[in-house]
Amino acid sequence: DGALVMALSLDWSSAEPSSGRAAVSLSSGMVVVACCRPEGAEVETSWKAHDFEAWCVAWDRSGEQPWVAYSGADDGLLKLWDTRLAQNSRGTVLSRHEMGVTCIAPSPLQRHLVAYGSYDEHLRLLDTRVLGGSGGSRAEVGALRVPGGGLW
């Protein structure tokens, strides 16, 4: 359709450093997983992750789940993806917000903890194992308000 698409976030897989795997979030709502090597890059898989701009993407940092990626977007959703599954799988919604999810930082020490930020000026910590709230949202185990225009 000729629309301009921008890469908004990139995260290298630290669990498989020799693989050269990178996850990239796009302004179209897509997430792309690519294998990047000195001789060139090749797309492994891509999927429509969100209905609006996918502001951020991050790989699991525990080393125990190298196939898990997280994404956040202007649709207010924080999602978990199993990149081993078919590219059109829906992902798991971890959290829903009225404002966009702008940054994600999975814990390198505890595989089920994910910190993330939003336009709503809150830094949140989730335990991805715990169900809570409505619509499949996960339990928030901590939050901190950081005024000044959202967390990026």
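Student: Is Thr83 buried or exposed?

Tutor: First, the ground rules. This is a predicted model, so local features need pLDDT of at least 70 and side-chain atom pairs count only at pLDDT 80 or more, while totals for chains, interfaces and linings use all residues. Residues are numbered from 1 along each chain as its sequence is written, and side-chain values use heavy atoms, with hydrogens and water left out. Buried means under 20% relative accessible area, exposed over 50%, and partly exposed in between, with a 1.4 Å probe and protein chains only. Thr83 has a relative accessible area of 14%, so it is buried.

Student: Where does Thr83 sit, and what does it touch?

Tutor: Strands are DSSP runs of E, at least two residues long, numbered from the N terminus. Thr83 is in the loop between strand S7 (77-82) and strand S8 (92-96). Contact means heavy atoms within 4.5 Å. Setting aside residues up to four places away in sequence, Thr83 touches Arg21, Val33, Trp47, Trp59, Trp67 and Ala69.

Student: Which backbone atom does the side chain of Thr83 reach?

Tutor: A polar contact is a pair of N or O atoms within 3.5 Å; within protein, one must be able to donate a hydrogen and the other to accept it, and residues adjacent in sequence count only if both atoms are side-chain atoms. Here the Thr83 side chain reaches the backbone oxygen of Trp67 at 2.7 Å.

Student: How do I read strand pairing, say for S9 and S10?

Tutor: Two strands pair if DSSP finds at least two bridges between them. S9 and strand S10 (residues 113-118) are antiparallel, with five bridges, and Pro106 has Val114 as its bridge partner in S10. A hairpin of six residues joins S9 to S10. As for strand S9 (residues 101-106), five of its six residues are buried, so the rest of the structure largely encloses it.

Student: What does the side chain of Ser107 reach in the loop between S9 and S10?

Tutor: Two backbone nitrogens: that of Leu109 at 3.1 Å and that of Gln110 at 3.0 Å. Ser107 is at 17% relative accessibility, so it counts as buried. Leaving out neighbours within four places in sequence, Ser107 contacts Arg61, Ser62 and Leu113.

Student: What is the strand order in the open sheet of four strands?

Tutor: The order is S1-S2-S3-S4, with antiparallel pairing. S1 and strand S2 (residues 21-26) are joined by five bridges, and Leu10 has Val24 as its bridge partner in S2.

Student: Which residues form the largest nonpolar core?

Tutor: A nonpolar core is a set of buried Ala, Val, Leu, Ile, Met, Phe, Trp, Tyr and Cys residues joined through side-chain atoms within 4.5 Å. The largest one has eleven residues: Cys56, Ala58, Val68, Tyr70, Leu78, Leu94, Val101, Ile104, Val114, Tyr116 and Leu126. Strand S5 (56-59), strand S6 (68-72), S9 and S10 are the elements that give two or more residues to this core. A second, separate core has nine residues, including Trp47, Ala49, Ala69 and Trp81.

Student: How far apart are His122 and Ala143 in space?

Tutor: They are 6.4 Å apart, C-alpha to C-alpha, and 21 residues apart in sequence. His122 is in strand S11 (residues 122-131) and is partly exposed, with a relative accessible area of 23%.
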